[in-house]
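I opened the notebook to look up a helix and a few charged pairs. Here is what I jotted down.

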Amino acid sequence: MTPALPLPSFINRELSLLEFNRRVLAQAEDTRVPLLERLKFLCISCSNLDEFFEIRVAGLKQMVKVGAAIVGPDGNSPAELLASIAASAHALVDDQYRVLNDVMIPALKAEGIRFVRRTHWTAEQGEWLREYFENEVLPVLSPIGLDPAHPFPRIMNKSLNFIVGLDGRDAFGRNIGYAVVQAPRSLPRLIQLPPSVSGTGRYDFVFLSSIIHAQVGQLFPGMEPSGCYQFRVTRNSDLLVDEAEASDLLEALEDELEQRQWGDTVRLEVAHNCPDELIRYLADELNLSNIDIYPCNGPVNLMRLLAVPDLIDRADLKDPPFTPRVPKPLAGDLFAAMRERDRLLQHPYDSFAPVLELLRQAAKDPNVLAIKQTLYRTGAKSAVAEALIQAARAGKEVTVVVELRARFDEADNITLAEALQDVGAHVVYGVVGYKTHAKMMLIVRREDAGLKHYAHLGTGNYHPRTARGYTDYGLLTADAEICKDVHNVFLQLTSLGKVPALKRLLQAPFTLAIGIRERIDHERQQALKGKKARIVAKLNGLVEPEVIKALYEASQAGVQIDLIVRGMCSLRPGVPGMSDNIRVRSVVGRFLEHQRAFWFHNAGHDEVWLSSADWMERNLLRRVEIAFPLRDPDISARVREHLETYLADTAQSWLLQADGRYVRAEGPVDAIGVQVRMLAEAGVVAISGLAASDEPALKLAPKARPRRKAN
C-alpha cells in the first residue's frame with residue numbers, strides 16, 4: 001500500500017471559507033432551528049457565496065489573467081486553487097438546491113407556506129397573474145432581440161435575466177433566433193397571491209421568473225418562444241483605487257463605485273433545464289469557461305426568499321423575540337458610571353443603547369469639549385451619525401475617522417462623511433494604504449480636577465442594527481492610561497507626525513502582531529519549564545502564517561490551545577507532532593459570532609485582550625487595528641467564563657479535523673446552545689431550567705469541563 005502523503009501545514013483560506021458556508025447551510029437542515037430561521041440560513045449561504053465569487057474568485061482570476069504564479073502558504077497556485085474552488089462550489093450549489101427542493105419547500109408547504117409553480121396555478125390564479133404582468137411588469141420590460149444591430153447587452157452584476165429562444169420572423173422579416181429579457185431591479189422578485197383569489201392559501205407566493213416565463217409570448221407578438229430560461233451573472237466587485245495617485249480619495253471612490261456593476265464576469269448561474277446550445281452561447285458572450293457555469297434547479301438567486309419570513313405572521317416558526325438588557329449601572333449618568341469602574345457590554349445580550357446614550361449625553365453636556373470616533377460600518381442615517389451631527393451643531397470639536405473603503409459600504413460612508421463635513425465636523429479618511437478598522441470613541445470633558453477622558457472600545461461596528469445580530473464586546477472606560485493611548489492613536493490618524501509609544505494598547509500594523517506572538521511564545525516557555533500553559537482565542541478568521549507557526553511551536557512544547565474560529569482557519573489541529581494540543585471549533589447559530597477575545601494563562605496572572613482584529617495578514621499588517629486589555633479583574637473573569645461556555649458547547653459547535661473537514665460536536669440531544677444559554681442568563685429570553693442573573697459577572701459555565709480532542 002502506498003503511504004498517505006503528509007498533509008500540508010496550512011489549510012487554504014478560500015477552501016476553508018467554503019467550508020464555513022457549508023456550516024451555514026447545515027443550519028437550514030437542523031430541525032432544532034425554527035423553520036423560517038432555517039430559510040434565512042439557506043439565503044445567507046447563497047449571499048455569502050455571491051460575495052465569495054465577487055471578491056475572492058474574482059481576485060484569483062485576475063492573478064491568472066496577468067500570469068501571476070503566486071503560491072500561498074498552503075502550496076496552491078491561483079490556477080490550481082480555482083479548480084479546487086470550482087469542485088467545492090459546484091457541490092455546495094447542488095446542496096443548496098437540494099435543501100431548497102427536498103427539505104425547505106416540503107416543510108414550508110406543511111405549514112401552509114407555498115411557492116406555487118406555473119404548472120399548479122388554478123385558472124383564477126393564472127388570470128390574476130396575467131393581469132399583474134400586464135399592469136405591473138410588461139410596462140417596464142425591454143426585450144432585446146439579438147442580431148447585428150442589437151448585440152448581446154451588458155448584463156448588470158447579479159441581475160435577473162432571461163435568454164429566450166424564438167421561432168418565426170418579426171415585423172421586419174428578421175429571423176432573430178435569440179432574445180434577452182432583463183428584469184428591472186424595481187420589480188419585486190416574489191409576489192404574494194391575494195387569498196381572495198380562488199384556490200389560494202394565506203401564504204401563497206409566485207416568483208417573478210415564473211410570471212415572466214408564463215407570459216413571455218406577449219413580448220414577441222407574431223413569434224413563438226421555443227424556450228425561456230433565467231440566468232444571472234456575477235462580476236468582479238472589488239474596487240481598484242490607487243490611493244497614492246488619487247488626489248481626493250472620496251472622489252476617486254465615487255467614480256469607481258459607478259463601475260462596480262460592470263466588472264469582469266466570474267460566474268454564470270443558469271436554469272438547470274436550459275439547453276446546452278444556449279448555455280454555450282451565454283458562456284461565450286460572457287467570456288466564461290465550463291467551470292464557471294452553475295446550473296440552478298430553482299430560482300437563480302435564492303436571496304429572493306429572504307423576504308418571506310417578514311411576510312409570515314407565525315411566531316412559532318421564528319426565533320423568540322428579545323429585548324436586550326441595559327445593565328442597571330448604565331441606566332443613568334454614564335460618565336459617573338464609568339468613573340466608578342470599567343463597564344463591559346456583551347452584545348446582543350446587552351443593549352447598544354448605552355453607547356448611543358453616551359454620545360447623546362456628550363453632545364448635550366456643556367462640559368464636553370471634544371468627541372473623536374472611528375466609523376467603519378455604521379449607516380449614513382444611523383443614530384450614531386445623528387448624535388455626532390448634533391454634537392457638532394452644539395459646538396463640540398467633533399473629529400471622525402471615516403473608513404471610505406469598507407467593502408460594500410463605501411456609498412453609505414461617503415454620504416456619512418459629507419453629512420458630517422456639512423455641520424463642521426473634522427472628517428479624515430485614515431492613512432493611505434491602511435484601512436482604519438479599529439473601533440474607538442474618545443470623549444474629552446472638563447471636570448473639577450481638570451480634563452478627563454472617557455473611551456468606548458469595541459470589537460464590532462458602531463451600527464445599532466448589527467449590534468442586534470452580531471456577538472460583540474464593548475468596553476466603557478475612564479482608565480487614564482488606556483484613554484491616553486486612544487488619544488495618541490487618534491493623533492496618529494489625523495496628524496502627520498510620530499506619536500509616543502502606546503503603554504497599554506497593542507496596535508496594528510506596529511505592535512499587535514508582535515505582541516500576540518510574544519504572548520504565545522511566553523506560554524511556550526512556561527510549558528517547556530513544566531508549568532501550566534494555556535491559550536484560548538476567539539476569532540472570525542485565523543490565516544496569518546507567522547501566528548500559526550507560533551501556535552504550532554507552542555503546541556509542540558505542551559501548551560493547551562483552544563481556538564474558537566467562526567470562519568476561515570488555515571491552522572490544522574490535531575496533527576501528531578505538530579498540533580496535538582490544539583483544538584479548533586466553530587460556533588454557528590442565531591447570531592453571527594463576531595467578537596475577538598484572546599486569553600493567555602500568563603503563569604497564573606491571566607491576561608485577557610479584546611480586539612477589532614482577527615489573526616489575518618490584512619488585520620495584523622495592512623490595517624489600523626487595536627487590541628485592549630481588560631484591567632478590571634471582574635470583567636476579565638467574566639470574559640474567561642464566556643470563553644469556557646463556548647468551549648463546553650455541544651449544540652451549536654463544529655470541530656475542525658486535521659483534514660480540513662468540520663464535524664458536529666457530540667453531546668446530548670437536548671443540549672442548550674451557547675447563544676441560547678447566554679440569552680437566558682442575561683434574562684432577555686426565558687428558557688426552562690436556566691435562571692437569569694443581574695450580577696455583572698455571570699456564572700455561565702462550569703468550573704471544570706471534560707476536554708474533547710478533535711479526531
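This is a predicted model: local features need pLDDT of at least 70, side-chain atom pairs count only at pLDDT 80 or more; totals for chains, interfaces and linings use all residues.

I started with Asp30 and Arg664, whose side chains meet in a salt bridge at 3.7 Å, N to O. I call it a salt bridge when a side-chain nitrogen of Lys or Arg is within 4 Å of a carboxyl oxygen of Asp or Glu. Asp30 sits in the loop between helix H1 (13-27) and helix H2 (35-65), while Arg664 is in strand S27 (residues 662-664), 634 residues apart. Helices (H or I, at least four residues) and strands (E, at least two) are DSSP runs, numbered from the N terminus. Asp30 is buried at 10% relative accessible area, and Arg664 is partly exposed at 31%. Buried means under 20% relative accessible area, exposed over 50%, and partly exposed in between (1.4 Å probe, protein chains only).

Residues are numbered from 1 along each chain as its sequence is written, and side-chain values use heavy atoms, with hydrogens and water left out.

Next I checked Arg583 and Asp562, which form a salt bridge at 2.9 Å, N to O. Arg583 belongs to strand S21 and Asp562 to strand S20 (residues 560-565), 21 residues apart. Both are buried.

Last, I turned to helix H18 (residues 674-681), where six of the eight residues are buried; Met678 and Leu679 are among them. Just after H18, I found Gly683 with a positive phi of about 80 degrees.
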